[in-house]
Amino acid sequence: MEEGISNMNERLLTQRESEADFVRKRFDLAVLLIIFLATVAAAWIHQQLFAGDWSFWIDLKDRMWWPVIVPIATICFPAAVQAALWTHWKFPAGATMVCFGLLLGQWLNRIINFWAWAKFPINLVFPETLLPQAIVLDGILMITNNFVVTALIGGELWGWLFYPSNWPMIAPYHVPVEYHGQLLSVADLIQYQYIRTSTPEYLRMVETGTMRSFAGGVLGVSAFFSGFISILMYFIWWYMGYFFAKPIYLKAKRI
Amino acid sequence: MPVERNAIFSIEVPEKSAFSLKLPLLGIGLIFFLNTIDYVYQRLFAFTKGLDYSTQQYQQYWMSVLYAELIIEALIALFVVVYLWQTRDRNLENLSPAEELKRYWIWGSFVLMYAFAVFIAAYYAEQDATWHQTVIRDTSFTPSHIIEFYQSYPVYIILGLTFLMYALTRLPQFAKATSLPLVILVASPLMIFPNVGLNEFGHTRWFMEEVFSAPLHWGFAIFAWGALSLYGVLVTVCPRVYSLIDQVYLGAEAPSASIVIENPEACINPLFCSCERNALPNK
């Protein structure tokens with residue numbers, strides 16, 4: 001009889017363990033989905049309002065402002081998310097998760113709204129990709145387990161890799177054409193045909209400034225500058241993520 | 001210390017259905033359904049009835065939607081806050097571990113709905129670029145804004161208030177002490193809504209153009225940064241939840257609700273909440 005009770009207890013114990021596993025997996029699923037949706041949403045709003053114009057339009061994907069502004073603006077959330085996810089959970093794909101979610105949301109919007117609703121051609125409005133440098137950033141953090149090294153090497157590469165990883169997509173639009181006696185790029189021609197009502201020409205920042213007078217090497221300078229500032233942004237935003245992930249209770253009791 | 005087998009089986013265990021995906025899927029489904037209606041309505045009436053604010057058609061098809069949604073949202077928000085406060089748990093010190101665990105699942109379901117609603121709000125924010133670069137605005141209440149600012153933002157605000165009030169009234173970890181990441185997670189994205197006032201005033205007074213990266217829009221991005229405090233909330237909640245699972249199902253030791261209420265900071269420490277998963281007899 002004692003053996004029978006012992007067998008029954010073993011079965012109940014096994015059942016309890018499996019129930020515990022079930023509940024843990026449910027909570028894990030909820031936590032993963034919450035992290036993905038909320039982080040991507042915040043990163044998306046951040047990207048829209050600091051680098052959105054360069055993402056929306058092919059003619060703004062130039063050799064000067066685009067390789068500078070987009071990497072600097074978009075390293076923020078990957079750095080913060082890495083600070084939280086790697087420090088607390090040793091999750092090695094924080095930057096990749098953010099950039100993947102960003103790309104997903106951007107494409108959703110470009111197709112459903114820009115193309116299907118407002119009839120902008122998709123080759124005017126397709127977004128850039130940040131995935132290659134996000135994978136590199138995650139890989140460096142995972143291998144070194146050191147955010148300083150990640151900032152210095154990963155941050156610099158974040159700037160350098162941006163243009164080459166997007167080059168296959170934008171190259172056809174940098175082909176020069178002559179149109180009504182003027183020399184311009186295919187990208188410029190497309191945007192002249194699809195007028196943007198709230199972005200007049202005086203606001204269109206495409207290869208402005210004295211860099212245009214240089215004979216060449218403009219892009220290299222932009223990438224190098226972008227890499228340097230990305231390093232600084234990585235440090236700042238690592239600490240932002242570190243602060244936001246702190247479980248702080250305020251000392252005053254709730255009234 | 002090894003745990004007696006009897007102790008394991010004497011603890012009340014919740015039904016599996018207590019951790020069903022029905023609640024979060026229902027909430028997400030409702031939000032998705034609402035946005036499907038928005039999609040169809042915008043495609044039907046944005047370009048046909050929504051180009052000229054001064055027409056009677058605009059007032060009928062768009063301003064009426066604005067007034068209706070603002071009233072409905074305000075009423076729902078008020079109802080949710082008052083209801084959750086009135087039905088608060090007045091005997092939280094004696095909350096059983098199983099019940100606490102179930103409440104964490106309900107709370108997490110609302111956080112998941114909130115995360116989805118915030119994602120939808122970001123989608124509508126980028127949709128606004130479509131409208132602005134197609135039509136020059138003659139009002140702050142454009143067909144795009146009426147859905148973006150005055151529907152998608154209040155939806156996530158209401159969900160944020162829901163899980164904040166639920167935590168304050170039903171979870172020991174948040175009953176007495178104020179968790180800074182939890183407050184920031186709700187309040188920071190909430191402030192995006194008042195920031196609409198600054199944004200629209202700026203466009204009315206100074207900048208008609210809609211360059212998205214203009215400094216006038218940076219208030220939205222700064223308040224969106226508060227969503228990062230989600231990680232602080234998870235670092236606060238996860239040790240407690242996983243220790244409750246081990247306590248309820250495997251008989252491990254965990255602080256009681258009354259201890260958590262008095263000392264929530266200590267209960268974040270995984271060592272304080274440590275559960276001897278391997279302390280079962282004969283393991």
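What follows is a briefing grouped by topic, from the whole model down to single residues.

This is a predicted model, and it scores ipTM 0.92 and pTM 0.92. Chains A and B touch each other, with 59 residues of chain A in contact with 62 residues of chain B. Chain B is built from 11 helices and 1 strand.

- Chain B has an average pLDDT of 90, and 92% of its residues score at least 70.
- Among the elements of chain B, helix α3 (residues 56-86) has the highest mean pLDDT, 97, while helix α1 (residues 5-9) has the lowest, 56.
- Over residues 272-283 of chain B, pLDDT stays under 50. For this stretch the model has 27 contacts beyond four places in sequence.
- A word of care belongs here: where pLDDT is low, the predicted coordinates should not be read in detail.

**Where the two chains meet**

- On the chain A side, 59 residues are in contact with chain B, and on the chain B side the number is 62.
- Five elements of chain A each supply at least two residues of the side that touches chain B: α1 (2-56), α3 (76-89), α4 (94-115), α10 (218-244) and β3 (249-253).
- The largest share of that side of chain A comes from α1(A), with 32 residues.
- Sorted by class, the side of chain A that touches chain B has 37 nonpolar, 12 polar and 10 charged residues.

**Chain B as a whole**

- Starting from the N terminus, the elements of chain B run α-α-α-α-α-α-β-α-α-α-α-α.
- Chain B has 283 residues, of which 47% count as buried.
- Take the contacts in chain B between residues at least 6 apart in sequence: 80% of them join residues at least 24 apart.

**A helix and a residue in chain B**

- Helix α5 of chain B covers residues 143-170, which is 28 residues. At 1.5 Å a residue it should span 40 Å, and its end C-alpha atoms are 39 Å apart, so the two values agree.
- Of the 28 residues of α5(B), 24 are buried, so this helix is largely enclosed by the rest of the structure.
- B:Ser258 lies in helix α11 (residues 257-262) of chain B. It counts as partly exposed because it has 13 C-beta neighbours inside 10 Å, a count between the limits of 12 for exposed and 20 for buried.
- B:Ser258 is 61 residues from B:Gly197 in sequence, and their C-alpha atoms are 44 Å apart in space.

**Two helices crossing in chain A**

- Two packed helices are described by the angle between their axes and the distance between the axes.
- For helix α7 (residues 147-160) of chain A and α10(A), the axes come within 7 Å and cross at roughly 145°. The crossing of α7(A) and α10(A) is right-handed.
- Residues of α7(A) in this contact include A:Phe147, A:Leu152, A:Trp158 and A:Trp160, and those of α10(A) include A:Ala223, A:Ile231, A:Tyr234 and A:Trp238.
- The contact of α7(A) with α10(A) has 10 nonpolar, 5 polar and 1 charged residues.

**Loop residues in chain A**

- A:Trp57 sits in the loop between α1 and α2 (66-74) of chain A.
- Leaving out residues up to four places away in sequence, A:Trp57 touches A:Leu124, A:Val125 and A:Gln191.
- A:Trp57 and A:Leu184 are 127 residues apart along the chain, and their C-alpha atoms are separated by 16 Å.
- Most residues other than glycine have a negative phi, and most peptide bonds are trans.
- A:Lys119 has a positive phi, near 65°. A:Lys119 is in the loop between α4 and α5 (122-125) of chain A, and it counts as exposed, with 10 C-beta neighbours inside 10 Å.
- A:His180 also has a positive phi, near 50°. A:His180 lies in the loop between β1 (176-179) and β2 (182-185) of chain A, and its 6 C-beta neighbours inside 10 Å make it exposed.

How values were computed
Residues numbered from 1 in each chain as written. Chains lettered and ligands numbered in written order. Predicted model: local features only at pLDDT ≥ 70, side-chain atom pairs only at ≥ 80, totals over all residues. Contact = placed C-beta atoms within 7 Å. Helix = DSSP H or I, 4+ residues; strand = E, 2+ residues; numbered from the N terminus. Nonpolar A, V, L, I, M, F, W, Y, C, P; charged D, E, K, R; others polar. pLDDT = per-residue confidence, 0-100. Axes fitted to C-alpha atoms, helices over the stretch in contact; angles between N-to-C directions. Left-handed = near helix turned anticlockwise from the far one by under 90°. Expected span 1.5 Å × (residues − 1).
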